[in-house]
Amino acid sequence: MKITEVQRKILEAARGAGGRYRFRTQQPATEAKLEQEACEAFVAGDYARWLSLGPTPGIVFTDKALRLYQPEKSNKST
């Protein structure tokens, strides 16, 4: 799966939140649409499932998705 910039941002946010991602409530409609489409693609590919708890919808990633995105680690030593 090729990851878009929007999907990469969602994965980064989810990694720090126990694999969960909730939709942002205060954002322009165009960004909300991109976020929704990115989450739908994750669910369609079995990389996530819809999260229905709470007032804000979101997704919870499977282990498959969290392995999909591995940020590059710097080899610099300080």
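Start your tour at Asp46, which follows helix H2 and has a positive phi, near 60°. You are looking at a predicted model, in which local features need pLDDT of at least 70, side-chain atom pairs count only at pLDDT 80 or more, and totals for chains, interfaces and linings use all residues. Residues are numbered from 1 along each chain as its sequence is written, and side-chain values use heavy atoms, leaving out hydrogens and water.

Now select H2 itself, residues 29-44. Helices here are DSSP runs of H or I with at least four residues, and strands are E runs of at least two, numbered from the N terminus.

Next, pick Glu35, Ala38, Cys39 and Phe42, which are buried in H2 (under 20% relative accessible area with a 1.4 Å probe, protein chains only; exposed is over 50%, partly exposed in between). They cover an arc of only 95° around the axis (taken from the directions from the helix axis to the C-beta atoms), so they sit on the same side of H2. Turn to the other side to find Ala29, Thr30, Lys33 and Ala44 exposed.

What do the buried residues of H2 pack against? Show H1, strand E1 (20-22), strand E2 (48-51) and strand E3 (58-61).

On the H1 side, select Val6, Gln7, Ile10 and Leu11, which make the contact (heavy atoms within 4.5 Å).

Technical notes
Axes fitted to C-alpha atoms, helices over the stretch in contact; angles between N-to-C directions.
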